[in-house]
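This report concerns one protein chain and its secondary-structure packing. The sequence and the coordinates are shown first.

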Amino acid sequence: MSGVRVIAAAEPFPFAFDRAKTAVIVIDMQRDFVEPGGFGETLGNDVTRLQAIIPTVATLIAGARAAGVPVIHTRECHRPDLSDLPPAKRDRGNPRLRIGDAGPMGRILIAGEPGADIVPELYPLPGEVVIDKPGKGAFYATDLSDHLARMGVTTLIFAGVTTEVCVQTTMREANDRGFECLLAEDSTESYFPEFKAAAIAMIRAQGAIVGWTANTAAIVEALHG
Ligand code: TIU
């Protein structure tokens with residue numbers, strides 16, 4: 001279980017990590033972001049781009065589970081009474097439905113509603129940590145730090161949506177907290193391909209200023225190696 005692995009093909013240079021101190025964190029693979037009628041679509045986005053990565057994320061999750069590497073899941077969602085939803089977030093933009101409004105998958109981005117849950121293909125197993133978060137970053141107003149400390153995790157492998165919003169925010173938060181961060185390039189997606197490309201470039205620029213990136217197949221191979 002222990003032992004250092006190396007992903008030679010990682011960018012901007014090979015990524016070494018201890019499998020025993022690593023977790024995969026899957027950001028916000030919720031129906032509200034990837035299915036029609038959810039939050040993402042009400043913001044005016046084409047959600048089919050995000051649906052396309054589900055099989056690849058499933059491969060990453062399966063690889064982690066088979067290697068005994070913990071998988072952590074996050075969900076961006078709010079309390080039913082909206083007490084954790086600042087007006088600055090609710091009133092932003094001009095969506096067809098705002099957070100808390102009733103949509104075809106229940107109330108938009110509200111904990112416990114069908115739309116706020118994780119897509120069935122990537123559903124957490126019993127015992128896996130699931131973090132409900134009111135912000136874009138997964139550390140803000142959550143107990144994620146406590147879980148990672150308890151688990152002895154020092155390296156995080158990132159997947160999920162969207163690359164430049166919740167994934168990048170969480171990766172930056174993790175980087176500032178001292179975690180080694182690797183993004184699975186083909187297990188993340190954005191509504192805007194140019195934003196995904198830019199986020200990946202800025203994460204690994206300046207000698208991995210935020211972290212590394214690698215393909216899911218290379219990551220899974222290293223997890224098993
Ligand atoms: N999870 C996440 O990225 N939340 C967003 O609102 N993303 C958008 O790109 N809108």
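The model is predicted: local features require pLDDT of at least 70 and side-chain atom pairs pLDDT 80 or more, whereas totals for chains, interfaces and linings use all residues. Residues are numbered from 1 along each chain as its sequence is written, and side-chain values use heavy atoms, with hydrogens and water left out.

## The sheet

Helices (H or I, at least four residues) and strands (E, at least two) are DSSP runs numbered from the N terminus. Six strands form an open sheet in the order 7-4-3-8-9-10, and their pairing is parallel; two strands count as paired if DSSP finds at least two bridges between them. Strand 7 (130-133) and strand 10 (212-214) are the edges, each pairing on one side only. From one strand to the next, the twist averages 25°. Angles here run from 0 to 180 degrees between N-to-C directions, and axes are lines fitted to C-alpha atoms, for helices over the stretch in contact.

Strand 3 (residues 22-27) and strand 4 (residues 71-76) run parallel and are joined by 4 bridges. Isoleucine 25 has isoleucine 72 of strand 4 as its bridge partner, and valine 24 stands opposite valine 71 in strand 4.

How much of strand 4 is buried? Of its 6 residues, 6 are buried, where buried means under 20% relative accessible area, exposed over 50%, and partly exposed in between (1.4 Å probe, protein chains only). In a regular strand the side chains alternate between the two faces of the sheet. Both faces of strand 4 are covered: Val71, His73 and Arg75 are buried on one side, and Ile72, Thr74 and Glu76 on the other.

Strand 8 (155-161) and strand 9 (180-189) run parallel and are joined by 6 bridges. One of the pairs places glycine 160 with threonine 188 of strand 9 as its bridge partner. Strand 9 is mostly covered, with 7 of its 10 residues buried. Helix 9 (residues 216-224) lies across strand 8, strand 9 and strand 10 and runs at about 130° to strand 9; contact means heavy atoms within 4.5 Å.

## Helix 7 and helix 8

Two packed helices are described by the angle between their axes and the distance between the axes. For helix 7 (residues 163-176) and helix 8 (residues 193-208), the axes come within 10 Å and cross at roughly 15°. Helix 7 and helix 8 are therefore roughly parallel to each other; angles under 35 degrees count as roughly parallel, over 145 as roughly antiparallel, 65 to 115 as roughly perpendicular and the rest as oblique. Their crossing is right-handed, a term used if the near helix is turned clockwise from the far one by less than a right angle, the anticlockwise case being left-handed.

Helix 7 contributes Thr163, Glu164, Gln168, Met171 and Arg172 to the contact, and these meet Phe195, Lys196, Ala199, Met202 and Ile203 of helix 8. The residues of this contact divide into 5 nonpolar, 2 polar and 3 charged. In this division Ala, Val, Leu, Ile, Met, Phe, Trp, Tyr, Cys and Pro count as nonpolar, Asp, Glu, Lys and Arg as charged, and the others, Gly among them, as polar.

## Local backbone features

Most residues other than glycine have a negative phi, and most peptide bonds are trans. The table lists exceptions in this model.

| Site | Feature | Value |
|---|---|---|
| Glutamate 11 and proline 12 | cis peptide bond | omega about 10° |
| Valine 161 and threonine 162 | cis peptide bond | omega about -15° |
| Alanine 141 | positive phi | near 60° |
| Alanine 208 | positive phi | about 65° |

Proline 12 is placed in the loop between strand 1 (4-7) and strand 2 (15-18), and threonine 162 in the loop between strand 8 and helix 7. Alanine 141 lies in the loop between strand 7 and helix 6 (144-151) and counts as exposed at 56% relative accessibility. Alanine 208, by contrast, belongs to helix 8 and is buried, with a relative accessible area of 12%.

Arginine 150 lies in helix 6 and is exposed, its relative accessible area being 57%. Its C-alpha atom is separated by 27 Å from that of valine 119, 31 residues apart along the chain.
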